[in-house]
Structure formats: structure tokens, C-alpha cells
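Let's take a walk through this protein together. Have a look at the model first, and then we'll go through it piece by piece.

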Amino acid sequence: MARTLLPVVGGAIGGFFGGPMGARIGFAVGSIVGNVVDPVTVKGPSIGETGAQTSAEGAPRAIVYGTAHVTGNVIASGELVRRWIKERGGGKGGAPKVKTEHVYRTFAIRICEGPVGGVLRVWEDDRLVYDVRPGSPIVDESVAWIENKTIYLGTEEQLPDPTLQAQVSGVADTPAYRGTVYIVIDSEDMTDRRGSIPQYRFEVARSVETEVHYNYSPLVIGAWTGAQPQHSLGSVNFSGGSYSGTDFEAAVSARAADMVATHPTVAYSTVFVAYRTSLNDLQNKFAGGATLVGDPQVIYFSMAPGEPDAWLNTAIDPKFCGPMEIAGAEPDDGRVYAIRDETLLSASGFAAVKLYSHDATRPPAYSEIFNNCSNYPASGGNFPIAAGAYIVEVQGERIPAPPTGYASASGTAKQLAAIEYRAGALYQNALGPCLLPGDPDYDNAEFWSDQRAAAIARGDLRDDVTSPVIVSDYAVRVLPSSVAGDPVVLSAIVDDIHRRCGVPVENYDVSELTDMVDGLVLAGEYTGADAIDTLRRVYFFDRSEHDGKIYFPKRGKAVVDVLTFDDLVEEPDTSMREQAIEYPAKVHLFYQHAASGYARVKATAQRSSPDVRVVGEQSVEVPVVLDEDEAARISHKMQKVSWADAEGEVTLALPESFIALTPADCVGLSLRDRVRRLRIEEMQIADGRIQLTMRVDRQSAYTSDVTGIPIPAPTPPPSTIVGATVLAVLDIPARVDAEDDLGLYLAVSAVEPAWYGALVERSLDGGASFVDAAQIERSMVIGVLTADVGTASAHYTDATNRMRVRLLRASHALESITEQAFLSGGGAFAVESADGSWEILQYRDADDLGDQAFELSTLHRGRLATTPAAHASGALVVFLDDVEHVPAQAAWIGQQLTHRATSFGETTESSIEQALTYAGRSQLEWPIAYLQLERDSGDVISGVWTPRHRFGSDDYPVPSINFIGYRVTIDDGSTEVVLDTVDPHFSFDASALASPVTVSVAALNRITGAGPATVGTV
């Protein structure tokens, strides 16, 4: 039927509130429009007509003007696909894996008629899941939600969807749905809904303004793509000549040939040489050509297939700094060598340093960058670099790759000189933007000065670091383009309705309709006249036909003529209309509010008068999209118009000489020294006279400057991005008596609020296989140091150092504790050192610096017999009140344990593996105290000491259940004697020993053996 497609425009000039003329069809309008308007009377559009998603066939396809909200219609749905997936049951420590049935469905939902500019927002079961408007609070969530979905914007060129072809209806039977906006959802997990399709709502913009946004990250140097470097395979015995001569090169080549012959299955690239000598000597050698004494170490690197040799540089060429010994460890214990890549030398003199370990069981290490070999780099400790991870550097700071979704780019950019680490991963650039040359602040010295000052004030940047840093490479992420819907001019809507109704453009005039409409949806079965009447109530215009054309004049215009008594055919009868007038007390306007998620909102205009009777309330519902200010002004105008309409109507007759008057014109009527403004609602011409029906009108009724009451913005939906888990594995002394066993401590947390726990797994074979270690469903308090901290004595309260810590989660906070709690062991936390060990401390005072940052002061250092140390910015901080204690095995002592934590809802690919050599420190006995030694005249050595038991209290220490005594070692340099005793003293006849004698005493543990020794000489 034509009326289902909004086929007509036309109808009567009438009141807005259903008054006497509200449903009357004017003679002139009806004479033409009556032949084209569908004669069936149906209700016009309303707010709730798109309130429920349906799958009914033949349902009207919504038409969107401007930016508006619609619900969908399911147009395709595949069969449920059932899959059995192994999942973990609940409970701590890792419950058994069980098979759970999951059901998936592929389906498509029609949204509206196309083409449109874009879909701005999507609600799934009334939960906002997709938002690409400017300033969207759920950018990352929107990226994740749209991954398995495709939106078609209703063009006439769109092709059939391949997902529907493959999974639902087949290639031959899948329509392209040209001219229809729809969304295809591929293999959605419907388990929680038992296979039913969710209810979707869509915000659609007919015309949009799109802006592409970028997010820049620090400098990206390259990727670690090769296998773990091979072991050093021995020395080149060479002496008596220059290490840069041909004899030396021949010796290296011979050693290389021997190595390749003994390892034929490995493809090795360039041979590199490093010297067992000091770093300064190496620098002198390559800078000045000095001859060194010592045997060079030959290192071979196995590179990934296809990796260019240019990634590595010859170690012999004097123009390079050459291979450098960075780690500072013993020659055969995890030495790390650095190869400098001159091709990455920047204008400032900084260059990349490739770092490799000759020990295949250890990860590559990292160090600070150095400038033209003039200053040697300090050791940076071990820093795992996973296969495929990027090495990012800014002024010597190195971090893994930016999060997923970033890609490397080349160019020039500026940013501050420090990066925020959190447990070995990059979470954000804490110090401000990375700006490209086109940015207005790129060369703004004041901008960078302010950024630097703010970073220093936060404790994120040392005041001796230059800022900004110029980088030549950076990572870029293209964020979802923000899409802002454009309003549409009212005349365009009315024009389109005429076109759909088949009314030729020469038969109507919409030139006066210049209002801007934010949004309107037509989605029901009604006439075009009903649709336009909906807009007439909001935008105050009439419709009138004359000269063979339909006009839509705006209200509030000046009068076209002033009528006097002499102009009238007869005196009008107005006495009945001037009695018992009732004025509405309130007018309620119900409308759609976009900022509130298209909630049905009410704007009320209220008025009272002591002179007239004010009764009742009137309610008007309009399906247009308004903001609170516009709605308040419209409701105010509606009430003023209703007061004018309440004064009644006037009927009078004019001679045919006034034939130029048309319906909707306003005239002045001057009778008995009173002038009234009247609006013509109906004209009838008969017997040489014009019969007019008019209503009182006020020009001021169509203006308003009121403002609406602000409507609170809806609370942004909680984040659904789980993110990676930050894992800390602590091999530290036992905290309390109840944990007197062999164990480890685990702490997990995350930045994202949607994180709700993680599975921690452990590997005993270097990551080849993993078993469950713990299932943790709570977040521990974890942070990261934002400023360097110096060392201090373990014997005195540290009142000098202050630790600045930024916590990972916004829901966590730190508070000061009392002096009594402080002296009783409260405020305990652990800080990770560069070598992977932990110092345990206590704090008393905590000052909130804002932005999840706290400053801790009044410290106790080196608690639980740990070693006080200096800690660099970026070190992990774990507060010990809530860490997870997990059991360990004696067989693990001395073995490498690899752990990883996978967030619930994520895959293991998102986790970072961590390796440590387990020492069993929870059962490692503490050093004894106050060792006193004596050797008498009879050569009897006696010793006494004070035990330091690990449990109980300072006043009443309690030994561990695994404590078995003490081990006394007596050594004169040639003879060593070992005594075990359960008492804190010993005597030994040392007449057979030389003098002096070194005595060491260590507490013994049944599991871990002798602890750290206390040494004396007698």
C-alpha cells in the first residue's frame, strides 16, 4: 500500500493541540491534495515506533533524516554452531579443565534505508558497545567489538556479503541488499543467551563529517627476529702481533671454520670478536689503534632466515665502537656483547646498540645508549626481549613494542625523554604527546617547557634530562575515525516526503522551512501528511494551497493586511469565544535526547495568571531529536501558542476583493478601538463573499530565549578491554609464621578496569610446556617507581630517601600508618632490583600526589634480611599485604622457572614470559649476628654468636621448622674443617692449623642447606 511508504503530503491547517480546527481540511488544500493523499487516516510517527527489534517480514524500512536512532530487523540468520571448548573450572590454584559447549551464530540485521554517512553508535541489549563519535569514551572497546562485524552503508554498488554467502544462504541466494544499511555479525558467541540474537539499537547519521585520528608512540628501532644467540665457542689463541692484522684475521677464520665443521646443522652469519679485557681498553683499542694483550672471544650469531647482514656490523672496523663488554660479570657467566649499528646514527650522535648474550640460557640484555664511543654505557641488567618484539629507545631508555595496533613509521617527531614502564611492558607514554612537524606546538618552546616542568613535578622526569627529544622513527596507530552527524535542513525533509509521495516539485514550495533538524526517523505506516504534521508541531509552520501549489509558510510573520469594520460584510460574532476561557497550566514536550542515548525526555513549560482561569496540562510527543535548550524553547513556544489559541476563533465574511488572502496569512482586525492579530485557518468562497475562520495569534509566541535544565550525561559503560596482566614473581623470605615452607609469592594486577583475574602458569623446561601455578581472581597493589632511589642502611630508619610510586590501578590507594603499626612490621612492600632480586621495605608516611602517584617516606630498608640497594625509575613495586603464597619443590632450587600470566578472557599470546633461577629464599636461613671468636694459648678456637631466627618476634624469635643447626667452617688457607652443631657456640682444637684462621658460621636449613655466612678471623 502507498501509505506504508509515506506516499503523500497534505492535509489541513490546524491547531497544534487538537482544537476545533485541528482535524479540519481546508477547502483550498483539499481541492488538490485530497486527490493525492492516501485517504486512510493513520497515526503519524512517534517516539516508540522503533522501540523493539523484530524479525518480521515486510516491516517498514526506517528512513533517517539527520542523525537519529533506530532499531533493527533481522534479515538473515544462520544455524547455531556448537563447539566444545576446554575451560577451567572455578577455585584457586587451578581447577580441572572441563569441556563446555559454546554456541555461535552468524546473522545480519537491517538498520535503515541507505545510503547513509555512517553508524555512530550501537547498543547491544541497551549496553553501549560501539561509539566512534568525537570524544568517544570507548575507543578501544569499539575497535574490539567491530572486529567480527561488517557494516554496509546502503549504497547501490555494495556487493553480497561473503560471510552470509559462506555460512548462511549460499553464493547464489545471498542478496546485496542495495540501498539498505545493514550489519553482518560473524560467528558471535551466543552461549550466555542460549542462542538468541541480542536486541540492537543504532545511531545513524545521514550525512557525516569524518576525522581520522592518529596516536603516536616513541621511536621504534627494529625487531628482534633471530633465534637466541649461540654460545661462545672458545678463544683464539693469538699473541705477538696486532689484533687488526692479517695474521689475526687468519686465526679467527680458522676458528670459525672449525666451529662450522663441528656444528653443520646451524647456519651462522658473520663472526664477531669480543675481548676479555676492560671496556676502557676496548675503547682505546678501536679509537686509537692500541695493541691489547689477551685472548679474544669468538662469538657466532644465528640469524633469522632472510635477515639482512646490514643489521650487524663488522667488529674489526675502527670506525665502529666494536664489540663491547657490557654486563660486567665474570668472563664465562652471562657476558653480554654490544654491536653498534652506524646506519642508525642520528644527527644528535645517538645510535642503536645491538645487544647479545653468549649464554643461550639467558635472555638478551639492554644498556643505555652512548655517544660516539666517548662515554661507555652502564650495565642495564637483564631485560627480556621476546621473539618479534620491538626495541624502543629514547635517550637510552628501552622498552618492548607499543601495544597491538601500532605500526612503525618514518619521519621526524618530538617528545619528552622518558617512557613509563610497568613490569617490563609499555602501558602509556606518561610524559606527553609525540608531535610531528605539522603540529602547531612542534616548535613551541613554551609548550615543551611546560610539558617538561609538569613531568618533573610528577616525578616522571629527572631535571637533568634534556627535553624534548628528536626521534627519527616512531610508531603510529590509526584510531577509529571519529564520525559526527550533520543536522539536516527542514525543507529537505519535507521535500523528500513529497518526492516519495509522487508530488512533482513544481507543485509545492518549502523555501521558508530553514530550521535545522538534528534527527528524525520515519518507520511506521502513515501518510506523508501525518509525517509533516509531526514536524509542524515542533517547527511552527502551516500548509496552504493557492495558485495550484502547496505552500509551507512559517508562523510569526508580519500581518498582510489590517481589516476594519468597513471591510466586513457583516459584524463578526465573537461574544461566545470571550467567555469561560481556560488556559493550560503546563505543556509537557516529550522528545528524544541524543546525548542520553535517545532516552524519552520531558521538557515542561509552566505558567500561571491571577486574572484568568489556569487549569489542566497538555502533553505533546514528537519523534524528533532535540537537545535540552531547543526542547525548552519549543515547549515554551507551544504554551504561548496554546494560550493564544485558547482565546477562541473568529468567523467573519469579506467581499471578494480580498481574494488575495490565503490560509495561514495573519491579518489585523480593528474593531471598537481594539486591534487583534488573527491567523486564517480556513477560507470558503460562495455567493460573492469569502467566509474566513481565524484564530487569535501572537507574533511574540514564536520566539523564546529560555534555556533548558541540563540533562546529566549517561555514565560511560565500563571498559570491556581486559588487557595484559602485570605479573611479579617474588622469591623472597617468608612473610609470616604460617608460611614457614618452601614457596614463592605471586602478585598480579593490570591497568584496565575490566581485568578481573589471571591464570598463572609455570614452565620447568624454558617455556616449552606450561602447567598451572595459580588462578588468582583479585588484583594486588602493584606500582612502578617514577624516580630513582638511593640506597641506605638497614640498621637505621631511612629519613632521607623518598620513593615516588605510581600505582597501576585507579581503584588502589596508599595511606599512612601509625608509628605502632610501622614498628610492628606494617607498610611492607618489595622493590625489584636490576638483577631480579627484591629489597623488602616498610613505609610509614604516604602522600597522595594525584594521578595514582604516591610519595612514600620514613622507610625501613633491607627488611627480612634482604639487601638495601639503589633502585632506578621504572622498577616494579609490590605491596606485600595481599600477595599470593604458592608452594614450591626442593627440586626446583637452582633451576630456571618460567612464569606467565594470562588474563581471564585473553589468550596466552598476550602474556609475557618471565624467567628466574629459583633459590628457595622462603627457607633460606638468615646470617647469624655478633660472632665472637677466641684462640687460647692451647690453640683451641671457640666461638659464640646470636641466632637470627626468621619467625616469631624480635623479643621472642622462633626457628623455622626446617632449621637444623649451624655449619662452622674453619680454614687456614690450606686446610678446611667443617663442623655442624645445633648450639650457638663451638670449640675446636686448631693446633694442627696455621695462623691466622678464617671462621665462617652459617645457619642450616633442612631444605636449602647453609644460608649466608658470617665470617671472622682469629
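Which residue takes a positive phi just after α7? That's Gly-502, with a phi of about 80°.

## The big picture

First things first: what you're looking at is a predicted model. The protein has 1018 residues, and 48% of them count as buried. There are 10 helices and 61 strands to find your way around.

Take the contacts in the protein with a separation of 6 or more: 69% of them are between residues 24 or more positions apart.

An α-helix has 3.6 residues a turn, so residues three or four places apart point the same way.

## A strand tucked inside

Next, find strand β36, residues 666-671. Buried or exposed, how do its residues come out? Since 5 of the 6 are buried, β36 is largely enclosed by the rest of the structure.

β36 pairs with strand β31 (residues 561-564) in the parallel sense over 4 bridges, and Leu-563 has Leu-669 in β36 as its bridge partner. With strand β37 (residues 674-686), β36 pairs in the antiparallel sense over 6 bridges; here Cys-666 stands opposite Arg-679 in β37. β36 and β37 form a hairpin with 2 residues between them, and Arg-672 in the turn has a positive phi of about 50°.

## Two open sheets

Strands of a sheet pair through backbone hydrogen bonds, either parallel or antiparallel. β39 and β40 (residues 743-749) pair over 5 bridges, and Leu-730 has Tyr-745 in β40 as its bridge partner.

Another open sheet of 3 strands runs in the order β52-β53-β58, again with antiparallel pairing. Its edge strands are β52 (929-935) and β58 (985-989), each pairing on one side only. Strand β53 (residues 940-946) is joined to β58 by 5 bridges, and Gly-943 stands opposite Phe-986 in β58.

## Strand β43 and its two partners

Strand β43 (residues 782-785) pairs with strand β48 (residues 876-879) in the antiparallel sense over 3 bridges. In that pairing, Gly-783 has Val-877 as its bridge partner in β48.

β43 is also joined by 3 bridges to strand β44 (residues 803-807), again running antiparallel. Here Leu-785 stands opposite Val-805 in β44.

Where is Asp-737 found? Look in the loop between β39 and β40. Asp-737 has 44% relative accessibility, so it counts as partly exposed.

Leaving aside its neighbours within four places in sequence, Asp-737 is in contact with Phe-951 and Gly-952. The C-alpha atoms of Asp-737 and Ser-960 are separated by 8.3 Å, although these residues are 223 residues apart along the chain.

## The second largest pocket

Rolling a probe the size of a water molecule over the atoms shows where empty space is left. The second largest pocket holds about 1400 Å³ of space. It is lined by 40 residues, and the closest to its centre are Gln-842, Arg-863, Leu-864, Trp-926 and Asp-954.

Which elements supply at least two residues each to this lining? They are α10 (819-823), β46 (838-850), β47 (853-863), β52 and β54 (951-952). The largest share, 4 residues, comes from β47. By class, the lining has 18 nonpolar, 14 polar and 8 charged residues.

Definitions and conventions: Residues are numbered from 1 along each chain as its sequence is written. This is a predicted model: local features need pLDDT of at least 70, side-chain atom pairs count only at pLDDT 80 or more; totals for chains, interfaces and linings use all residues. Side-chain values use heavy atoms; hydrogens and water are left out. Two strands pair if DSSP finds at least two bridges between them. On a 1 Å grid over the protein atoms alone, a cavity is a set of points where a 1.4 Å probe fits but cannot get out, and a pocket is an open set with protein on both sides within 12 Å along at least five of seven lines; lining residues have an atom within 4 Å of a point. Grid points are joined across faces, edges and corners, and a volume is the space filled by probe spheres set on the points. Ala, Val, Leu, Ile, Met, Phe, Trp, Tyr, Cys and Pro count as nonpolar, Asp, Glu, Lys and Arg as charged, and the others, Gly among them, as polar. Buried means under 20% relative accessible area, exposed over 50%, partly exposed in between (1.4 Å probe, protein chains only). Contact means heavy atoms within 4.5 Å.
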